[in-house]
Amino acid sequence: MAAADQPAATGAEPTAVRAERIVKRFGPTLALDRAQLSVRPGEAHALVGRNGAGKSTLVSVLTGMERPDEGTVTFSDEPAPGYGDTAAWQRKVACVYQKSMVVPDLTVAENLYLGRFQGTARIRWRALREDARALLAEYGVDVDPQTRAKDLTVEQGQFVEIARALSFGARLIILDEPTAQLDAGGIDRLFTKLLELRRQGVAFLLISHHLQEVYELCDTVTVFRDARHVVTAPVAELPKDELVAAMTGDAEAGPPERARGAVPAPRPGRETGPGAEPVLRTEGLARAGEFDPLDLVVRPGEVVGLAGATASGNTAVGETLVGLRKPDGGRVAVRGRAVRPGSVPHAIDAGIGYVPEDRHRQGLVLGRSVAENATLTVADQLGPFGTVLPSRTRAFAQRMITSLDIKTSGPGQPVSGLSGGNQQKVVIARALAREPSVLVAIRPTAGVDVKSKDSLLGVVREVAAAGSGAVIVSDELDDLRVCDRVLAFFHGRVVAEFGSDWSDHGLVAAMEGMADRETAASAAVEAGHGAEQARENAGIEGKEGSQS
Ligand SMILES: Nc1ncnc2c1ncn2[C@@H]1O[C@H](COP(=O)(O)OP(=O)(O)OP(=O)(O)O)[C@@H](O)[C@H]1O
């Protein structure tokens, strides 16, 4: 491996932060085992590792949220503040999460000065707004200070958080999956802003499962595996396959591991292919202001992608299919049977399995165990006469834990103690538990590590191979690669239809609104399909324009 180990402190160059020999235990779990990390001023440093490797735990230690059992943290070679001294920590470091932590009902100005009011002195609102305006201008953030935080876009929220942290004096900003909810333009603007700030000496620690981002944005990368520091190296000296190998512990990255056993074997008599009865069909399905009437057909054995950037309508379609949103018009049928609109329980009963985007709000009961969460949708099958047998629940959950490679101390562990990526696997386990006819997954691999991503997407393919169908709603190209065909949404309409041989460029252009259906059809023809075939492949029935 070309990678060098963490350079020893020379004393010549101060570090923005240095963590040494950090040990952190949660009950029997050793989350950090003598872990180390140092970040230089002005550096963009990536911290990567598989789900459960200890990244978030280190962030908690570096931001003063968790006290380590052993080890030391220094900022600019000075000891870290005492644990509990929040104000002192704020002057050193801040973590910007995917979901902005600002108080939603307060204005931007109020959020910026939160926690800074002293004693009982009257707050001078006009001066506060002026100060906020000046502060935002200083950091080049184009947001009106009187906007309520809840009305900010994800991108604006992140910028406000960064400005707030810098105004406290912090010179180290930790970004936890910052691009997960940004579209291409937002990512560009974030990257530009970070570059500007780095020139002023601000250091960034980026936690990401998007390895491409690591290469585009960072100059140094640290890999954690199983609670330990494995390697720190300049990104230019660590090719992607070596980086993945360091994360997984494999000598070579090797072929993706496949999760086995989570998916039932194909059912005899279940036909697949173009002639088979659709597992899912929508006719004229629509929601005003969100998406135009959509006729969609998913046949057994098929994985169909609904691609689109934020607010393109693809997520709204997915959430309407699973009953979370009520359509204004049109119908949904599973294996020919109509599904009652706008009802999640009916959708589940009809055979629609659902993997939500926001697992915290829609997916999991955090205080409950892995076993209880994984079996929430099948409680009726776990014992006679409405009872739930704990032994059956545990056995069922154990099968899911093994087949989806969920890193947990066992079926009884509360889900709140799992890492983010492992929580996502529990959500998928739950969706699969009922052996759905069609699985609808919205950004299913958000926050999931590179190896588990392959394995989860492999599970989706297996669901299809077993005679069901799947719909993947995502803007992640890796999610869409497993699809047999992809419909690209823009402004609530399907603007392009692709077979499985789309190019990154073509699909991204379509999602950005730079392709219309004609271009897509000609792209399909160029790729060797007839135009009719391209339309047929796309499963769009009825006359041209039925979706517009
Ligand atoms: N509050 C907690 N209680 C119990 N165990 C915990 C707690 N927080 C973390 N852990 C355990 O510590 C280990 C490290 O988790 P951590 O969240 O730091 O991983 P991670 O690298 O951030 O993973 P991901 O990429 O999935 O977010 C995991 O085994 C996790 O289950």
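Let's start with helix 15, residues 450-465. At 1.5 Å a residue, its 16 residues should span 22 Å, and the end C-alpha atoms are 23 Å apart, which agrees. Keep in mind that this is a predicted model.

How much of helix 15 is buried? Twelve of the 16 residues are, so the helix is largely enclosed by the rest of the structure. Buried here means 20 or more other C-beta atoms within 10 Å of the residue's own. The buried set includes Leu456, Leu457, Val459, Val460 and Val463. Lys451, Lys453 and Glu462 are also among them. After helix 15 comes Gly467, with a positive phi near 105 degrees.

Four strands make it up, in the order 12-11-14-15. The sheet is open, and its pairing is antiparallel. Strand 12, residues 291-298, and strand 15, residues 337-338, are the edges, each pairing on one side only.

Take the pairs in turn. Strand 11, residues 280-287, is joined to strand 12 by five bridges. Arg287 sits opposite Phe291 of strand 12. These two strands form a hairpin, with three residues between them. In that turn, Gly289 has a positive phi of about 80 degrees.

Next, strand 11 against strand 14. Again the strands run antiparallel, joined by five bridges. Here Thr282 faces Val332 of strand 14.

Last, strand 14, residues 329-334, with strand 15. That antiparallel pairing rests on two bridges. Which residue of strand 15 is the bridge partner of Ala333? It is Ala338.

Terms used: Residues numbered from 1 in each chain as written. Predicted model: local features only at pLDDT ≥ 70, side-chain atom pairs only at ≥ 80, totals over all residues. Pairing = 2+ DSSP bridges. Expected span 1.5 Å × (residues − 1).
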